[in-house]
Amino acid sequence: MSCPVCGATGASPLFRLDRVPALCNSLFDSAGDAGEVPLVDIDLVACPSCGLIWNRLFEATGIDYGADYGNPLECSAIFREHRDRLVERLARELALEGKTVLEVGCGDGAFLRALCRATGADGVGVDPSCVPQVENRGPGTIRLIRGEYPLRSESIAADLICCRHVLEHMPNPREFLETLENDLAPHGRILIEVPNAEHMLEVCSIGDVIHEHCLYFARFPLAALFESRGYRVELSEGFGRQFLVLAAERIRSREEARSAAPTPELIEATSSFGARAKERLRGWRQRVADANRAGQHLAVWGIGSKGVTFLNLVNDGGRIAEAVDINPDKEGRFVPGTGHEVRSPRWLREHPVDTVLVMNQRYVGEVEAELRSLGVSCAVDGVLG
Ligand SMILES: [Zn+2]
């Protein structure tokens, strides 16, 4: 199969995960339903030319991004800070007052709302899981449309299209970009945010390998995708290098991809990823089995894709006692695959554990503070990846 970005053939095998949930970011109403989620295999391969990583076994069937899907991270203060910084940057760099911003995959609309408030732009958000609404409160209007993108009913001449954590779900990114262009004004810009594959490779973050993500972008393939269609691009990293942000401006002529080619360090991190990931997985399983043998209770904190993946991958030989998340909407719902019931942090007051495993290193400080404020004492450990 040829590379979805540059078309090169001869992809090399990278890493395989067997029997993980087809959907990580849907929680269920009962343990029974959660246990019946389809399990799928993931087989990552890397393009020898642009470095794009993709899951060659990806199948879109069975993926439903409807009402139950979503992983709003806005409950976390450090995530909100990341969002606010991006809004400030866009407000500073682009004159958006009275202009139209389209957000594809707007979730609950929090980012679009913040951006339109800060800039005076009119916002249109599209998402299969959002609550449809029209807001006229600020200088600009905000319209959230529940549905699949592209919209059949109208086309939008957007001055800015934002698309955060969407492109990595698209098996055909070139076709998706052409679709976005139908809603882009002649001198419009596109802002893309995706998980940063370079970070995943460097820190060996297995929790980032999920079935919904068919593509894994480092800087080079992301830039190449846009440059080959005539955009000038600017790339930056955010959220402690975990995200990659691309700002693209349409220029007349198509340019050859000019961004720096993958570094020798990245090529090395790519080729060694499979072996390191296998070793890490073995370490996780060993750790959980050891804790079980010693009679210790573990909790996983953060039931997003990393937490769901972790719970499923260590579930073979060991048992994690509790699954905890600060998002009140997740409380009382069930984890796909393992069927853990998601608890609020307060639960740990009555149901103490020995160690809380935090699924994203960046949240360790925040989790420690939360536990202190609840009067819960236990070890807190960041799980890399
Ligand atoms: Zn390629």
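This note sets out, point by point, the main features of a predicted model.

1. Domains. The assignment for the chain gives two entries, domain 1 (77-258) and domain 2 (273-382). Their centres, taken over C-alpha atoms, are separated by 31 Å. Where they meet, eight residues of domain 1 are in contact with 13 residues of domain 2. On the domain 1 side of this contact there are six nonpolar and two polar residues, and no charged ones.

2. The nonpolar core. The largest nonpolar core of the model has 111 residues, and V101, I161 and V300 are those with the most contacts inside it. Helix α6 (residues 219-227) supplies the largest share of this core, namely six residues. Both domain 1 (77-258) and domain 2 (273-382) give residues to the core, so it lies between them.

3. The surroundings of I161. This residue is one of those with the most contacts inside the core. When neighbours within four places in sequence are left aside, I161 is in contact with L102, V104, L180, D183, L184, G188 and I190.

4. Helix α8. This helix covers residues 273-293, 21 residues in total, and reaches 30 Å from its first C-alpha to its last, close to the 30 Å expected at 1.5 Å a residue. Four of its residues, F273, A277, V288 and A291, are buried. Seen down the axis of α8, the buried residues fall within an arc of 65°, so they line one face of the helix. The face turned away from that buried side carries the exposed residues A275, E279, R282, G283, D290 and R293.

5. Just after α8, G295 takes a positive phi of about 75°.

6. Positive phi at R19. The phi of R19 is near 55°, a positive value in a residue other than glycine. R19 counts as partly exposed because it has 14 C-beta neighbours inside 10 Å.

7. Positive phi at C204. A positive phi of about 60° is found at C204, although this residue is not a glycine. C204 lies in the loop between α5 and β10 (215-216). Is C204 buried or exposed? It is buried, with 21 other C-beta atoms within 10 Å.

8. A cis peptide bond. The bond from Y149 to P150 is cis, and its omega is near 5°. P150 is placed in the loop between β7 (142-146) and β8 (158-164). Residue I161, discussed in point 3, has D183 and L184 among its contacts.

9. E59 and E212. The loop between β3 (53-55) and α2 (77-93) holds E59. With 12 C-beta neighbours inside 10 Å, E59 counts as exposed. E59 and E212 are 153 residues apart in sequence, yet their C-alpha atoms are 9.1 Å apart in space.

10. Points to inspect. The non-glycine residues with positive phi discussed here, R19 and C204, may then be viewed together with the cis bond from Y149 to P150.

How values were computed. Residues numbered from 1 in each chain as written. Predicted model: local features only at pLDDT ≥ 70, side-chain atom pairs only at ≥ 80, totals over all residues. Helix = DSSP H or I, 4+ residues; strand = E, 2+ residues; numbered from the N terminus. Expected span 1.5 Å × (residues − 1). Buried ≥ 20, exposed ≤ 12 C-beta atoms within 10 Å, placed from the backbone. Arc of directions from axis to C-beta. Domains from an automatic or database assignment. Contact = placed C-beta atoms within 7 Å. Nonpolar A, V, L, I, M, F, W, Y, C, P; charged D, E, K, R; others polar. Core = buried A, V, L, I, M, F, W, Y, C linked by C-beta atoms within 7 Å.
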